[in-house]
Amino acid sequence: MRHRRRDQRLSRPTEAREELLHGLVKSLVQSDRIRTTHARAKEAGRLADRLVTWGKDGSLHARRRAFAVLQDRTLVKRLFAEIAPRHVYIAGGYTRVGRRGVRRGDGAQQSLLAFSRI
């Protein structure tokens, strides 16, 4: 049972799910928008919002936490120097998820995950 569980399992064990989400967020920070399934986009958006909040904090501890997810110094620099300052005047909701039809192969609902433009 999933009583009071906030995250979706995405049909994967914990380690595989975390690596999947970290990879999606890496791609999002690198290119500002990604196309993936709707369930993955919603979960990756939650993690990306958390990263932007750390970026707005700007402390060394926040940088280290962001590096633990992104595993790339250039992406951490981009997050803290370009992405977080764009969202300094809003208190949340840094990403948006838009539905983009279904995938031809298996009919999975596709979505576009992107940073909101301020």
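Arg 78 touches Val 29, Gln 30, Asp 32 and Ile 83, residues up to four places away in sequence being left out of the count; contact here requires heavy atoms within 4.5 Å. The model is a predicted one, in which local features need pLDDT of at least 70 and side-chain atom pairs count only at pLDDT 80 or more, whereas totals for chains, interfaces and linings use all residues. Residues are numbered from 1 along each chain as its sequence is written, and side-chain values use heavy atoms, with hydrogens and water left out.

Arg 78 lies in helix 4, residues 73-86; helices (H or I, at least four residues) and strands (E, at least two) are DSSP runs numbered from the N terminus. Arg 78 is buried because its relative accessible area is 19%, the limit for buried being under 20%, with over 50% exposed and the range in between partly exposed (1.4 Å probe, protein chains only). The side chain of Arg 78 also makes a polar contact of 3.1 Å with the side chain of Asp 32. Such a contact is a pair of N or O atoms within 3.5 Å; within protein, one must be able to donate a hydrogen and the other to accept it, and residues adjacent in sequence count only if both atoms are side-chain atoms.

Helix 4 comprises 14 residues and extends 20 Å from its first C-alpha to its last, close to the expected 20 Å; the expected span is 1.5 Å times one less than the number of residues. A kink of about 35° is centred on Leu 79, the bend being the angle between axes fitted to the seven residues ending at a residue and the seven starting there. The buried residues of helix 4, among them Leu 75, Val 76 and Phe 80, pack against helix 1, helix 2, helix 3 and strand 3. The charged end of Arg 63 sits over the ring of Phe 80, 4.4 Å from its centre; the criterion is NZ of Lys or CZ of Arg within 6 Å of the ring centre and within 35 degrees of the ring normal.

Helix 1 has 18 residues and should therefore span 26 Å, in agreement with its end C-alpha atoms, which are 26 Å apart. Its buried residues include Arg 17, His 22 and Val 29, and the buried residues of helix 1 pack against elements including strand 1, helix 2 and helix 4.

In helix 2 is Glu 43, which counts as buried because its relative accessibility is 8%. Neighbours within four places in sequence aside, Glu 43 is in contact with Arg 6, Asp 7, Gln 8 and Leu 21.
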